[in-house]
Amino acid sequence: MLSDDSLDVFPVLFTEEVASDDHFLLVEIPHDLLSKFRSLCSSGASKDEKCESVFATRLIDFFRLYIKGRPNDEAVLCSEDRTYALKSAQTSNSLLISKISKGPGLHHNKLEVIHSLKSIIETARISPRLHRVKEVLLPSLYKGTTEKYLQKDKIKFYTLQELQAEVQASDLELSDMLQRLRVLTLDGVLRLVDLDYMYEIVCLILECAEAFSFPLEEMDLNLLLEKLSDHEIAPPLISHCLYSVSELLLNGCCKLIESEVSRVLGEKILKSLTEPTTVWDFLERWSKDLPTSYQPSMDHLQGLYYLDEDNVLDMSDNNYVHYFSAIDLSFEPKLRFKEIFNQKPRWTPSEIAPFVIDLIPSRDPKELNGFLLRFCRFVTVKEKQYFTCKIKF
């Protein structure tokens, strides 16, 4: 018999039809979502029917959870802003799924067991698996308006909704990745923009600003677009590139962001290096593309380069800089560290951080050292601190 103040006392029935197969799965609610859920329930408590209807809609919208993955992927659970791993866990006791079978009166109600389970699906927050974004968008790389290089009948073009279904990440995490990759929406589909082409357009914006004496901190957006319209570049692409390296002001103008402009130009030059280049030579070449008011800084290229092992103690003229992109690395931690330590055997904390921070679900720098020590050793050489690899490949 089961007793509850609200349900009174009624019998529990085990029928012969109780199933023990896979008709039902119990999924654990992630703790962070559970606390939000309880808070929402408390704030939404009301006896007013209209209020309850609105609250129910809010609750459904908040609790939209999606299971994502291709047939050969390990499935993940995604909320609006986070991604969770799913893992089956056996329980020592049977879990009973039941329903209330109502009788003619309260005392005639029965609790009917319809299913028995011996396992649940546990959840744990993980980093989003965003490697597929670049993988699926790269074949349709946008290099210009003619696009004669594309065999469109053999290429899959993705809408945002299609990519959301394909990538194992929450919508917010995916949106952040699309911004980092500077993905363009053109004719309703998502397109990666070729770095060379992005570089060309940013240089064109800077040339136009200089030619017409537009202040970089407050450029008239409409006037700038008008001056750029004479060039054979699609207006949506000019707008996209401009928005990628600037912020809109309330007066209809835009302000170029020095770090973003520098990153586009610096990445293009760094990626095009074909021979060993010192930091000094690289900075000198980079500065020639920048406005005179901008100063090249390696801080603007975090996650895009590393320095030679023998020269990490200072920033002397003899340091050689190499292109190395964090976005192109594996999302599997062991493979990621293999790729990192294949470049050189030891890294300073500040060097390695941009290449591993995205492996931490919260991306909290406070958790970085603890995470690194799972895969690395902390050593001191000539009063300098380094991480070296401790796992075998």
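I'll start with one side chain: Phe375, in this predicted model, has a relative accessibility of 8% and so counts as buried. The cut-off for that word is under 20% relative accessible area.

Next to consider is Phe371. Its relative accessible area is 9%, so Phe371 is buried as well. The ring centres of Phe371 and Phe375 are 5.4 Å apart, and the planes meet at 55°. Planes under 30 degrees apart would count as stacked and over 60 as edge-to-face, so this pair is tilted.

How many aromatic pairs turn up when the whole structure is searched? The number is 13. One of them joins Phe337 to Phe371, with 6.1 Å from centre to centre and 40° between the planes, again described as tilted. As for where these two sit, Phe337 belongs to helix 11, residues 333-343, and Phe371 to helix 13, residues 368-372. The pair therefore ties together parts that are 34 residues apart in sequence. Phe337 is buried, like Phe371. Phe371 thus has a ring pair with Phe337 and another with Phe375.

Staying with aromatics, there is a cluster to point out on the screen. Tyr306, Phe324, Trp347 and Phe355 together make up one aromatic cluster.

Now the charges over rings. Which ring has the charged end of Arg346 over it? That is Tyr386, and the distance to the ring centre is 4.6 Å. There is also a lysine case: Lys268 lies over the face of Tyr199, 5.0 Å from the centre of the ring.

On to the cysteines. The number of disulfides in the structure is 0. Take Cys253, which is in no disulfide. The nearest cysteine sulfur belongs to Cys254 and is 7.3 Å away, whereas a disulfide needs the two sulfur atoms within 2.5 Å. Is Cys253 buried or exposed? With a relative accessible area of 11%, Cys253 is buried. Cys78 is buried too, its relative accessible area being 1%.

Last, confidence. The average pLDDT over the chain is 85, and 83% of the residues reach at least 70. Which element has the lowest mean pLDDT, and which the highest? The lowest is strand 1, residues 2-4, with a mean of 48. The highest is helix 9, residues 258-271, with a mean of 97. Where pLDDT is low, the predicted coordinates should not be read in detail.

That is the end of my part.

Definitions and conventions
Residues are numbered from 1 along each chain as its sequence is written. This is a predicted model: local features need pLDDT of at least 70, side-chain atom pairs count only at pLDDT 80 or more; totals for chains, interfaces and linings use all residues. Side-chain values use heavy atoms; hydrogens and water are left out. Rings of Phe, Tyr and Trp (its six-membered ring) pair if their centres lie within 6.5 Å; planes under 30 degrees apart count as stacked, over 60 as edge-to-face and the rest as tilted. Helices (H or I, at least four residues) and strands (E, at least two) are DSSP runs, numbered from the N terminus. Buried means under 20% relative accessible area, exposed over 50%, partly exposed in between (1.4 Å probe, protein chains only). A charge sits over a ring if NZ of Lys or CZ of Arg is within 6 Å of the ring centre and within 35 degrees of the ring normal. pLDDT is the predictor's confidence in each residue, from 0 to 100.
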